[in-house]
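Me: I'd like to learn how to read a fold from its coordinates. Could you walk me through one?

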Amino acid sequence: MIRMHRTLALTALVAATAGIALTGCSSPQEAPDDARALGTGVAVEVGTGVEMSFAIDDVREGKLSDLAEMGLQSTPSDEGKTPYFVTYSVTLTDGDIADADRSALPVPKTDEWKLTGTGTYQPIQVIGQFDCTPDGNATAGVAPDAPLVACQAFLGDADALPTAIEVKDLGTWATKD
């Protein structure tokens, strides 16, 4: 009789744990309350009297064929995955670009990104030129009158557009209202 109660208790515990795990997996992760809206910049000081603004401008879902058009080849293990493209900009807001410490420019490395939502997201690391902006307008660097525009690509679950984008030391942006 005691063994039967232990078995029932263990079965109930496993079922409850599985229910919690399934609930956690199926519910989308929401952006934190303090997340910025897309297009909203965060000030970054990059030298004495030089300030720039870093902003996430756009996030969009693509197709594997988009990667091929950008010069990247997908592998058979990528089948069923979806690329997500995050466009960001760095704009000079105060000071002279000649006085900027170029090593302090806010250009995040692949491992400094974190996307959250209903899926999992793996950053695509690219060596060389890669432009995944919506209109192909990536720029190589900041100029006094034009921002740096760049893009980071991620490979993730299909139909799982992220709800939040976090960039290390810069902040979090909500991708949906």
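Reply: What follows is a short tour by question and reply. This is a predicted model, in which local features need pLDDT of at least 70 and side-chain atom pairs count only at pLDDT 80 or more, while totals for chains, interfaces and linings use all residues. Residues are numbered from 1 along each chain as its sequence is written, and side-chain values use heavy atoms, with hydrogens and water left out.

Me: Let's start with sheets. In what order do the four strands of the open sheet come?

Reply: The general idea is that strands of a sheet pair through backbone hydrogen bonds, either parallel or antiparallel. Strands here are DSSP runs of E, at least two residues long, numbered from the N terminus, and two of them pair if DSSP finds at least two bridges between them. In this model four strands make an open sheet in the order 1-9-8-5, with mixed pairing. Strand 1 (36-37) and strand 5 (113-116) are at the edges with a single partner strand each, so one side of each has no neighbour in the sheet.

Me: How many bridges join strand 5 and strand 8?

Reply: Four bridges, in the antiparallel sense, with strand 8 covering residues 164-167. As a landmark, look for Trp-113, which stands opposite Val-167 in strand 8.

Me: Is strand 7 largely enclosed or open?

Reply: For that, check burial: buried means under 20% relative accessible area, exposed over 50%, and partly exposed in between, using a 1.4 Å probe and protein chains only. Nine of the 10 residues of strand 7 are buried, so strand 7 is largely enclosed by the rest of the structure. Compare Ala-37, which counts as partly exposed at 42%.

Me: Where should I look for the nonpolar core, and which residues have the most contacts inside it?

Reply: A nonpolar core is a set of buried Ala, Val, Leu, Ile, Met, Phe, Trp, Tyr and Cys residues joined through side-chain atoms within 4.5 Å. The largest one here has 28 residues, and those with the most contacts inside it are Met-52, Phe-54, Ile-56, Val-86, Trp-113, Ile-165 and Val-167. Strand 2 (41-45), strand 3 (51-61), strand 4, strand 5, strand 7 and strand 8 each give two or more residues to this core, and strand 4 supplies the largest share, five residues.

Me: Now disulfides. Which cysteines form one?

Reply: A disulfide is a covalent bond between the sulfur atoms of two cysteines. The test used here is a pair of cysteine sulfur atoms within 2.5 Å, and by that rule the count is one. Cys-132 and Cys-151 form this disulfide, with their sulfur atoms 1.9 Å apart. Cys-132 is in the loop between strand 6 and strand 7 and Cys-151 is in strand 7, so the pair ties together parts 19 residues apart in sequence. The torsion about the S-S bond is about -100°, so the disulfide is left-handed. Cys-132 is buried at 0% relative accessible area, and Cys-151 is buried at 11%.

Me: Last one: which residues are closest to the centre of the largest pocket?

Reply: Rolling a probe the size of a water molecule over the atoms shows where empty space is left. On a 1 Å grid over the protein atoms alone, a pocket is an open set of points where a 1.4 Å probe fits, with protein on both sides within 12 Å along at least five of seven lines, and lining residues have an atom within 4 Å of a point. Grid points are joined across faces, edges and corners, and the volume is the space filled by probe spheres set on the points. The largest pocket has a volume of about 530 Å³. Of its 21 lining residues, Tyr-88, Gly-128, Phe-130, Ala-150 and Cys-151 are the closest to its centre. Strand 7 gives the largest share of that lining, six residues.
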